[in-house]
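Here are a few exercises to work through with the structure open beside you. Try each task before reading its solution.

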Amino acid sequence: PKKVAVLEWSTSGRLRSEFVAEYINLKITPPGDASGNIRATVNEREQLTEKIIRKPDGSVYLNLPMVDQGVKGYCAASAVERVLKYYGSDVSQHFIAQIAGTTAGGGSQIHDLLDGLKKADNKLGVKVMDNYDCGFKLDCFRNYSKFKGFLRKYNKAAKKTGSPRYSEKQIMRNNRLLLVMMRSKAFIEMRKDDRGGFREFKRAIHKNIDKGIPVFWGLIVGIVKEKKAVNMGMGGHMRLISGYNDKTGEIIYSDTWGAGHEFKKMKISDAWAVTMDIFTLEPRIKRSL
């Protein structure tokens, strides 16, 4: 059968000295479908709830299509592509990266990603929902009053867990202690002490997964040890929470690193400890009369 080949590309930089080749992509499609479908095709909520998988072991999860972000810092852009494909859309991570201002090395800033998605949400057939800005923020280390609050809560948790406690002077003399602190039992205990935030985190996961909606999970990697981790050092990352298991007290999540990273688990207390933000994209479903 005949096919149509479509070559897509994008560049940035107005001047020749600023030129950057962002991506090049060849699409081969049936005749009449060269442009692809960029709108979500979910029309009824039942189309999503029917996708929910429930296992006897207590696992409740969604099967999401995999997209590999490759060598670029496209974890957020490729996570958006995965969710849009799950909703029946045909949008690439490169397109999402363009509207979100994603860079190959630096990735996406969460506010830029959300702003870009809100501007394009009608075209994509989705709505940006539930931006739970309830997690831990690295900027507390750049603000003295916030840092004092962090240190006070940390030392309280350190006393409770029998972990070393630190003074401001010790950290100022050796700022690597911050990494030690954030990888300790006390840090996780400190985050668990935010019971209101923890309850909201858990509630948001259950509410959305039970509707068939994946949850975007912005977090700090490198704090909690993981079995199938990629050596990224310590820093911000975007994942998808695709399920939960109340029997084991775990979340089910997925990375955009290709095969082998589709279905992973973590204790929900550990997941909450490293959370910075969570949000969702919901398909625009028309209300029936």
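**Exercise 1. Classify G196: where does it lie, and is it buried, exposed or partly exposed?**

Solution. Start with the accessibility: G196 has a relative value of 40%. The cut-offs are under 20% for buried and over 50% for exposed, so G196 counts as partly exposed. Next, find its element: G196 belongs to helix α9, residues 195-209. Finally, look across the fold. C134 is 62 residues from G196 in sequence, yet their C-alpha atoms are 9.4 Å apart in space. Keep in mind throughout that this is a predicted model.

**Exercise 2. Describe the chain as a whole: how many helices and strands does it have, and what percentage of its residues is buried?**

Solution. Begin with the secondary structure, which comes to 10 helices and 10 strands. Then turn to burial: of the 289 residues in the protein chain, 47% are buried. For the surface, the accessible area is about 15800 Å², and carbon and sulfur atoms hold 51% of that. Last come the contacts.

**Exercise 3. Work out how α5 and α8 are arranged: at what angle do they pack, and how far apart are their axes?**

Solution. Two packed helices are described by the angle between their axes and the distance between the axes. Here, α5 (residues 144-161) and α8 (residues 185-192) pack at about 110°, with 8 Å between their axes. Angles of 65 to 115 degrees count as roughly perpendicular, and α5 and α8 are therefore roughly perpendicular to each other. The crossing of α5 past α8 is right-handed.

Now pick out the residues that meet. On the α5 side they are F150, K153, Y154, A157, A158, K160 and T161, and on the α8 side K185, A186, F187, E189 and M190. Sorted by class, this contact has 7 nonpolar, 1 polar and 4 charged residues.

**Exercise 4. Look up D277: is it buried or exposed, and which residues does it contact?**

Solution. First locate D277, which sits in strand β10, residues 275-283. Its relative accessible area is 10%, so D277 is buried. Then list its partners, leaving aside neighbours within four places in sequence: I110, N131, Y132, D133, K137, F216, W217 and G218 are in contact with D277.

**Exercise 5. Take two loop residues, V42 and W257: in which loops do they lie?**

Solution. V42 is in the loop that links β2 (20-29) and α1 (46-49). With a relative accessible area of 4%, V42 is buried. Beyond four places in sequence, V42 contacts Q47, L48, Y87, P283, R284 and I285.

W257 is in the loop between β8 (250-254) and β9 (264-267). W257 has a relative accessible area of 15%, so W257 is buried too. Its C-alpha atom is 8.4 Å from that of M66, although W257 and M66 are 191 residues apart in sequence.

Methods. Residues are numbered from 1 along each chain as its sequence is written. This is a predicted model: local features need pLDDT of at least 70, side-chain atom pairs count only at pLDDT 80 or more; totals for chains, interfaces and linings use all residues. Side-chain values use heavy atoms; hydrogens and water are left out. Axes are lines fitted to C-alpha atoms, for helices over the stretch in contact, and angles run from 0 to 180 degrees between N-to-C directions. Helices (H or I, at least four residues) and strands (E, at least two) are DSSP runs, numbered from the N terminus. Angles under 35 degrees count as roughly parallel, over 145 as roughly antiparallel, 65 to 115 as roughly perpendicular and the rest as oblique. A crossing is left-handed if the near helix is turned anticlockwise from the far one by less than a right angle, and right-handed if clockwise. Contact means heavy atoms within 4.5 Å. Ala, Val, Leu, Ile, Met, Phe, Trp, Tyr, Cys and Pro count as nonpolar, Asp, Glu, Lys and Arg as charged, and the others, Gly among them, as polar. Buried means under 20% relative accessible area, exposed over 50%, partly exposed in between (1.4 Å probe, protein chains only). Accessible areas come from the Shrake-Rupley method with a 1.4 Å probe; for residues, only the protein chains shown count as cover.
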